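Here is a short tour for someone meeting this structure for the first time. Have a look at it before reading on.

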Amino acid sequence: MDIEEATIGGWFQRTTLHLTEVYDFLSTGKSESGLDKVKLNLLRTNLHILNVERKNGLLEYIEVSTHEGISFRLYEDGLIILRKNVQHGLELALTDLRNYYDEKLSAAFSFLFSRGAPVPKELAHIDTILPFILIARSVGKDDVADFFKKRGLRSYATLESAQATVYKSDRIILVVSRTNLEKSRHLVEAQIFFREFKSQLHTYLRIHRRVWDEIACIKEKGVIKGVEIKKMRAQLDAYQKTIKLIESRINQMSSYLRTRAKISSSQKIDEALDQIFSYKYETLEDTLAYIKELWKMTDNYLNATLGRFSEIGAESTRNSIGSLRLITTIGVIAGILGYLGKDSLPPVTLTGGLFFVILLVVTWLVNELVSSYYSRRKYTLKKEEVKEGLLP
């Protein structure tokens, strides 16, 4: 099989401001973010950069070539594409690409963007699987079947047109091109953007389900003890932070989708594939709108739960204050009644001092008993009734 090029890539939300930061780092090893200069220089050296260029196209991008025969592009919207020629063997090329991305490039960019808005913990440790995309020429269907079979893979989808055929499997996507290499690369970039965009939406859907279930475990508990209020409120506050961060990321995705749709349309790889891409962009837009609504519902659900906890906290505080006020009032009245019949101040004696200490201890114990009572008192969480059949 005549394979010309092997590719992997990913997409992370970025802007032209980030592109400037990356260019400064790749070309000089410096950053204006106040990061450790020694570590920055070490990470850049580890990339084995041969040449760095900043170029203009439909999107501005940086093109980098390395001493290892790997080249990569980073576009201003965050799409990154790594390529390598397979003249020294396909398996070697795939291993080199994977190692370079996982061990060198990801480490460098993670450190470069380690400051600023935090990444939600639910997203911080997600391992992204990056299928390889291979560009080949003049390959028959039998050769394609043998290619996947030898690697224990199954092609689950095929996109075909006059100029290219795309075979998809879990770990390798094969593009059999009948046009020039540059147009084939446009097709590869579109495939990577589709996959990464959809993958992020899947991730947000999974996180939504888990966060919703965890909030429901608190909200639908029925009754809680006063001592549990603080702990559960802290959990809900943590969920609120996660929800706000993820909502912000989701709301940014629309602009990237529109830009990539325009680029795909202007490149016109060919009419048949262009129609497929238009459908895919519309589908992604609909899916994004659906995910936005899910997270809006999650935010509303959390706010309702937080509101009920605020009510319970206020009720617990009012009860405690009322009890302490009663104790204080009784003590003051008893003291006043004791001194109404005296015509002079009492002398300070050892017995009186001991009595005073005992009184303080008793008051403290009563206070602790009252606080303990309200910390163990159970409060009811109102359950929202949802009629069956209203939701799919």
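## Before we start

This is a predicted model, where local features need pLDDT of at least 70 and side-chain atom pairs count only at pLDDT 80 or more, while totals for chains, interfaces and linings use all residues. Numbering starts from 1 along each chain as its sequence is written, and side-chain values use heavy atoms, with hydrogens and water left out.

## The sheet

Let's begin with the strands (DSSP runs of E, at least two residues, numbered from the N terminus). Nine of them make an open sheet with mixed pairing, in the order β2-β3-β4-β5-β1-β6-β9-β8-β7. Two strands count as paired if DSSP finds at least two bridges between them. The edges belong to β2 (49-55) and β7 (157-160); each has a single partner strand, so one side of each is left without a neighbour in the sheet. On average, neighbouring strands are turned by 20° against each other, direction ignored.

## Around β5

Is strand β5 (residues 79-85) mostly covered or mostly open? Mostly covered: six of its seven residues are buried, where buried means under 20% relative accessible area (1.4 Å probe, protein chains only). β5 pairs with β1 in the antiparallel sense over seven bridges, and N85 in β5 is the bridge partner of E5.

β4 and β5 are antiparallel too, with five bridges, and here F72 stands opposite L82. The hairpin of these two strands has three residues between them, and G78 takes a positive phi near 105° there.

L159 has V166 in β8 as its bridge partner.

Helices are DSSP runs of H or I, at least four residues. Helix α5 (residues 141-150) packs on the sheet, touching β1 (2-11), β6 (132-137), β8 and β9 (172-177). Touching means contact, with heavy atoms within 4.5 Å. The direction of α5 makes about 160° with that of β9. Helix α1 (residues 16-28) lies across β2, β3 (61-66) and β4 (70-75), and runs at about 150° to β2. These angles run from 0 to 180 degrees between N-to-C directions, with axes fitted to C-alpha atoms, for helices over the stretch in contact.

## V357 in helix α9

V357 lies in helix α9 (residues 350-376).

Definitions and conventions. Buried means under 20% relative accessible area, exposed over 50%, partly exposed in between (1.4 Å probe, protein chains only).
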